[in-house]
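Subject: Structure handover

Hello,

Here is the structure I promised. Please load it first, then read my notes below.

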Amino acid sequence: MAAVGERRVSYDARGLAEPHAEAPRVAEVEDGRAVFDARDLTTRQINLELRRLLYEEDVADVTVQNPGSKHSLGVGILTRCRITFEGSLGYFGCGLVDGPEVHVKGRVGWSACENMMSGVVVVDGNAGSLTGAALRGGDVVVKGRVGARSGIDQKGGTIISLGDAGSMTGFMMQRGRQILCGDVGPGLGDSMYDGTIYVAGKVKSLGIDCVPGEWTDADTELIERKFRIYGLGEPPAFQKFVCGKKLYNYDNLEPSERKLVL
Amino acid sequence: MATREPEKIRAIDAEYLAGRRFSYQEDQAEIEDVDLLAATPGEDLNWLEDVELLEEDGMPAVFDRYSNSFLKIYFPIPAGQEDEIARKVLVKHLQSGSSYGIQLKEKHTKFPQPELGPWVDGSPTVGTDWHPPVLEGWEPPEGH
């Protein structure tokens with residue numbers, strides 16, 4: 001026992017808030033599919049249960065009931081699978097994933113799908129700011145609106161929003177694509193280095209070095225394909241925006257710095 | 001006092017990390033059976049849409065983001081198939097477990113995950129029993 005006044009510091013090198021949490025083993029598994037209720041579980045318990053099912057039980061289809069807008073759910077899933085959240089997620093949902101196909105039957109908070117490497121995330125409702133921050137690959141489909149700075153530092157992948165997008169959308173975007181079906185706030189594509197932004201609605205203002213681009217058959221093919229895959233109906237007419245390359249100086253960068261955006 | 005500049009590696013490629021070249025870098029026949037659609041989530045190429053043929057040290061190459069290195073391609077690449085070939089070589093590299101990032105997983109990964117990521121079904125799980133490395137003879141500072 002620690003004496004009065006003695007400091008006892010315990011920590012986990014992985015930075016875990018609940019270092020000793022264990023998977024609650026509450027899921028019902030049948031025919032390769034699992035369902036569990038997250039109402040009374042902590043964030044870490046929910047994620048541990050997900051990983052247990054996907055990595056240990058070889059379940060490839062998991063439904064999470066009552067996610068309750070908890071933060072950081074469904075993060076770090078690194079395998080091919082299907083995950084359905086029957087409700088909304090809080091901040092940083094489905095971040096750092098590589099491979100899963102996720103359906104969120106609700107809304108998501110800030111920074112959904114940040115640093116996603118591959119996979120598909122479909123959100124039935126709205127998404128907060130910073131959606132798809134530093135996205136590396138895969139598709140993020142938001143059937144509602146997306147907040148400010150969606151696709152900030154995007155390095156690949158595709159963000160689709162059927163609604164409006166906030167200010168500074170595509171800020172510092174470096175690769176990838178955004179398909180925005182509604183209106184867009186001020187500063188679209190500010191300081192973007194590369195990538196393509198398609199907008200069907202009105203653009204409040206363009207950011208620094210974001211300019212209209214020339215439409216090609218490849219643009220039409222991309223948009224028609226994504227709308228068909230996700231059942232989004234007939235695509236509206238889009239304007240295309242790209243980097244004006246006034247700020248573009250990759251050729252002068254060190255090789256290791258160039259790799260950061262690949 | 002005589003000093004010598006340390007060797008500076010400016011372009012780390014996959015061969016440098018692995019210490020050897022892989023046969024699929026030299027023989028197109030070895031990548032012909034790679035099914036790109038089956039290897040990726042969703043109904044199209046998904047993340048491979050962003051992968052294209054690049055150049056490193058004057059050679060055609062594809063970038064392996066899982067090891068932060070270029071994978072050079074030594075066989076002739078037919079015109080019009082540049083990106084497809086690059087993607088197939090990369091997927092073969094990942095599925096075979098040759099990527100240096102994958103080789104590090106067994107020892108260093110902190111959380112359970114499939115060793116061969118999302119590219120191979122039924123891959124063994126690694127990272128289930130991670131402990132922080134201990135430096136022999138090291139003692140934590142007082143109060144920790």
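How far apart do the C-alpha centres of domain 1 and domain 2 of chain A lie? The separation is 25 Å. Bear in mind that this is a predicted model.

**Chain A: domains and overall form**

Domain 1 of chain A covers 38-125, and domain 2 covers 143-247. Five residues from domain 1 of chain A and four residues from domain 2 of chain A make the contact between them. On the domain 1 side of that contact, three residues are nonpolar, one is polar and one is charged.

Chain A holds three helices and 12 strands. Its radius of gyration is 20 Å, close to the 18 Å from the globule rule for 262 residues, so chain A is as compact as a globular protein of that length. Along the principal axes, the C-alpha atoms of chain A fill a box of roughly 65 × 50 × 30 Å. Of the 262 residues in chain A, 46% are buried. Now take the contacts in chain A with a separation of 6 or more: 24% of them join residues 24 or more positions apart.

**Chain A: the sheet**

The 12 strands of chain A form an open sheet with mixed pairing. The order is β1-β2-β3-β4-β5-β6-β7-β8-β9-β10-β12-β11. β1 (28-30) and β11 (210-212) of chain A are at the edges. Each has a single partner strand, so one side of each has no neighbour in the sheet. From one strand to the next, the twist averages 15 degrees.

One pairing to look at is β6(A) with β7 (residues 139-142) of chain A. These two strands run in the parallel sense, over four bridges. A:Val121 has A:Val140 in β7(A) as its bridge partner.

Two helices of chain A are worth a look here. α1(A) packs on the sheet and touches β2 (33-37) and β3 (61-65) of chain A. Its direction makes about 160 degrees with that of β3(A). α2(A) lies across β8, β9, β10 (196-199) and β12 (239-243) of chain A. The angle between α2(A) and β9(A) is about 65 degrees.

**A loop residue: A:Pro186**

A:Pro186 is in the loop between β9 and β10 of chain A. Leaving out residues up to four places away in sequence, A:Pro186 touches A:Ser167, A:Lys204 and A:Ser205. A:Arg80 is 106 residues from A:Pro186 along the chain, and their C-alpha atoms are separated by 37 Å.

**Chain B**

Chain B has an open sheet of three strands, in the order β1-β2-β3, with antiparallel pairing. β1 and β3 of chain B are the edge strands, each pairing on one side only. The twist averages 60 degrees from one strand to the next.

β2(B) spans residues 59-64 and is mostly covered, with five of its six residues buried. β2(B) pairs with β1 (residues 54-56) of chain B over three bridges, in the antiparallel sense. Within that pair, B:Leu54 stands opposite B:Ala61 in β2(B). The hairpin of β1(B) and β2(B) has two residues between the strands. There, B:Asp57 takes a positive phi near 55 degrees.

β2(B) also pairs with β3 (residues 69-72) of chain B, antiparallel and over four bridges. B:Asp64 stands opposite B:Ser69 in β3(B). This hairpin has four residues between the strands, and B:Asn68 takes a positive phi near 55 degrees.

Helix α2 (residues 82-95) of chain B lies across β2 and β3 of chain B. It runs at about 50 degrees to β2(B).

**Where the chains meet**

Best wishes

Technical notes. Residues are numbered from 1 along each chain as its sequence is written. Chains are lettered from A and ligands numbered from 1 in the order in which they are written. This is a predicted model: local features need pLDDT of at least 70, side-chain atom pairs count only at pLDDT 80 or more; totals for chains, interfaces and linings use all residues. Domain bounds come from an automatic or database domain assignment. Two residues are in contact if their C-beta atoms, placed from the backbone, lie within 7 Å. Ala, Val, Leu, Ile, Met, Phe, Trp, Tyr, Cys and Pro count as nonpolar, Asp, Glu, Lys and Arg as charged, and the others, Gly among them, as polar. A residue is buried if 20 or more other C-beta atoms lie within 10 Å of its own, exposed if 12 or fewer, and partly exposed in between; C-beta atoms are placed from the backbone. Two strands pair if DSSP finds at least two bridges between them. Axes are lines fitted to C-alpha atoms, for helices over the stretch in contact, and angles run from 0 to 180 degrees between N-to-C directions. The radius of gyration is taken over C-alpha atoms; the globule rule is 2.2 Å times the number of residues to the power 0.38.
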